[in-house]
Amino acid sequence: MPSLNELVRRHTTLTGADVEWLHLLVSEWQLLSDLSFADLVLWIPTWDGIRYVSVAQMRPNTGPTSYQDDMVGHLVPRGRRPLLDAAYDEGRIVREGDPEWREEVPVRVESIPVRRDGKVLGVIARNTNLLTVRTPSRLELTYLQSASDLAQMIAAGTFPFPGAEQTDMDAAPRVGDGLIRLDAEGVVTYASPNALSAYHRLGLTTDLVGSHLGRATAELVPPNRGKVHESMVKMASGWAPRQTEVEAQGGVVTLRTIPLKPKGTPTGSLVLCRDVTELRRRDRELMTKDATIREIHHRVKNNLQTVAALLRLQSRRMDSDAGRAALDEAVRRVGSIAIVHETLSQALDEQVAFDEIADRVLAMVMELSQDGRVATRRSGSFGILSAEVATPLAMILTELTQNALEHAFGPSASGNLEVSALRGRAPVGGKGWSDSWNGGARPEEYLLITVQDDGRGMPEGFDPQQAGNLGLQIVRTLATGELGGTFDMVAAPGGGTKVVLEIPVR
């Protein structure tokens with residue numbers, strides 16, 4: 001289905017500002033559809049003026065639809081729908097005419113001009129399914145009156161509210177969540193059952209009708225929360241388009257105010273309200289859990305650094321060179337895990353940007369192992385990785401770089417060591433790289449890592465898959481077992497050694 005932007009660009013001559021106004025209208029018109037119990041279709045005249053193109057459609061959540069099919073992208077010539085012509089040419093709401101019959105369903109059609117800065121941009125066709133029409137209740141009458149006020153504001157170019165702060169429509173309360181109708185003084189003239197229940201959740205013990213909503217809302221806030229700001233009282237009184245939350249008696253209610261000015265003069269306002277107590281409780285629980293997880297990572301990092309410091313102290317007191325070297329290796333292994341936990345302690349979730357970790361691992365290994373004779377560099381990007389991948393991968397990089405520094409270069413030799421990363425989607429059919437994956441079929445997304453040096457190379461007959469070196473055993477176990485990838489070590493072109501890791505990223 002083509003987007004509003006595509007249809008406007010292809011069929012009309014509207015300006016960028018006009019299109020932004022239409023986007024703002026479409027983001028808000030679910031309210032009109034629900035209050036009207038009607039489908040809405042937005043028609044815009046084409047550049048040649050002989051047709052209309054439908055650029056957006058909305059179905060109601062409060063009643064049956066009038067359109068079973070999508071209307072977006074349809075073109076109709078002028079003259080086929082007289083109500084559209086009259087509303088566009090005369091700039092007024094048109095309700096004349098008998099109901100239309102669509103698949104044995106009677107449909108009342110109305111046309112509402114969409115105006116901006118005195119210019120009619122298009123027409124909203126409001127289509128009401130009359131098959132289930134019955135004597136309206138007080139709630140339905142309030143809905144319909146509010147819909148009529150909004151339609152007049154759209155025709156006058158005063159709705160949506162130009163320059164008003166943007167509302168998060170995903171989090172905003174809907175018509176069915178709870179509706180309160182206020183008069184021009186901010187006094188409640190009608191409150192839906194859901195709205196009354198939401199205020200009872202805040203501690204209200206009386207009826208809302210007849211009370212000033214702003215003052216009634218302010219009185220519900222406990223004194224220990226401080227004086228209620230005057231702006232909240234104004235907002236709850238419907239003086240301006242706003243959205244806020246009120247918390248009292250353990251309940252949390254979101255309020256959204258829509259001032260009504262159908263003829264340019266304020267006649268009252270709509271206040272939509274939604275009980276979000278359980279949502280906020282879950283949000284607080286998630287925030288607490290996130291903070292707890294970050295604190296755990298922070299403490300694990302501190303403990304690992306303490307262990308590394310103790311091992312380092314013990315290493316300095318060792319008389320055996322082999323024992324000192326073994327402890328230094330342990331310090332590096334513990335340090336690489338600590339780097340991951342330090343990064344996780346600063347993250348908002350269990351995801352880390354691994355490039356920074358790789359750079360820190362390289363720096364740590366070089367600081368503890370060499371005097372600057374070997375130049376190291378990283379190329380490519382590892383991207384964002386989960387904690388369950390980042391921790392073993394940091395260990396693998398530590399072992400591989402340390403192994404290269406120990407065995408590829410002599411005590412006084414110099415050279416280069418490069419770590420590269422390539423992340424992307426696997427080729428169709430899994431062609432191009434090795435096909436031996438522990439998990440079976442090649443994953444859709446992969447991470448290819450190479451660690452290459454220009455040192456002395458591997459000794460003759462060396463088998464990297466069977467070598468007993470502890471560091472390589474760790475690499476093989478983590479790469480193939482824990483990460484479900486592949487590991488290989490080959491002679492590098494031009495001399496030296498190249499280690500290749502392929503790791504699935506799920």
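This is a predicted model: local features need pLDDT of at least 70, side-chain atom pairs count only at pLDDT 80 or more; totals for chains, interfaces and linings use all residues.
1. Serine 27 belongs to helix α2, which spans residues 16–28. What lies 133 residues away in sequence but 9.2 Å away in space, C-alpha to C-alpha? For serine 27, that residue is proline 160.

2. On to histidine 11, which sits in helix α1. Its relative accessibility is 14%, so histidine 11 counts as buried; the cut-off for that is under 20%. Which residues does histidine 11 contact, once neighbours within four places in sequence are set aside? The list is Pro45, Thr46, Trp47, Val53 and Leu75.

3. If you want a pair to click on, isoleucine 112 has isoleucine 124 in β6 as its bridge partner.

4. Is α7 (residues 213–220) mostly covered or mostly exposed? Helix α7 is mostly covered, with six of its eight residues buried. The buried ones in α7 are Leu213, Gly214, Ala216, Thr217, Ala218 and Leu220.

5. Now the helix pair. The axes of α9 (residues 277–316) and α10 (residues 321–345) come within 8 Å of each other and cross at roughly 165°. That makes α9 roughly antiparallel to α10, because anything over 145 degrees falls in that class. The crossing of α9 past α10 is left-handed.

6. Who meets whom in that pair? From α9 come Arg294, His297, His298, Val300, Lys301, Leu304, Gln305, Ala308, Leu311, Arg312, Gln314 and Ser315. Facing them, α10 supplies Arg324, Leu327, Asp328, Ala330, Val331, Val334, Ile337, Ala338, His341, Glu342, Leu344 and Ser345. By type, the residues of the α9–α10 contact split into 11 nonpolar, seven polar and six charged.

7. Five strands form an open sheet in the order β13-β15-β16-β18-β17, and the pairing is mixed. At its edges stand β13 (374–380) and β17, each with a single partner strand, so one side of each has no neighbour in the sheet. The twist here averages 15° from one strand to the next.

8. Within this sheet, how many residues of β18 (residues 497–504) are buried? Seven of the eight are, so β18 is largely enclosed by the rest of the structure. One partner of β18 is β16 (residues 445–453), antiparallel to it and joined by seven bridges. Valine 451 stands opposite valine 499 in β18.

9. Strand β17 (residues 486–491) also pairs with β18, in the antiparallel sense, over six bridges. Valine 499 turns up again here, as the bridge partner of methionine 489. Valine 490, in turn, stands opposite lysine 498 in β18. The two strands β17 and β18 form a hairpin with five residues between them. In the turn of that hairpin, glycine 494 has a positive phi of about 85°.

10. Helix α12 (residues 387–407) lies across β13, β15 (415–425), β16, β17 and β18, running at about 20° to β16. Helix α13 (residues 470–482) packs on the sheet as well, touching β17 and β18. The direction of α13 makes about 135° with that of β17.

Definitions and conventions
Residues are numbered from 1 along each chain as its sequence is written. Side-chain values use heavy atoms; hydrogens and water are left out. Axes are lines fitted to C-alpha atoms, for helices over the stretch in contact, and angles run from 0 to 180 degrees between N-to-C directions. Helices (H or I, at least four residues) and strands (E, at least two) are DSSP runs, numbered from the N terminus. Angles under 35 degrees count as roughly parallel, over 145 as roughly antiparallel, 65 to 115 as roughly perpendicular and the rest as oblique. A crossing is left-handed if the near helix is turned anticlockwise from the far one by less than a right angle, and right-handed if clockwise. Contact means heavy atoms within 4.5 Å. Ala, Val, Leu, Ile, Met, Phe, Trp, Tyr, Cys and Pro count as nonpolar, Asp, Glu, Lys and Arg as charged, and the others, Gly among them, as polar. Two strands pair if DSSP finds at least two bridges between them. Buried means under 20% relative accessible area, exposed over 50%, partly exposed in between (1.4 Å probe, protein chains only).
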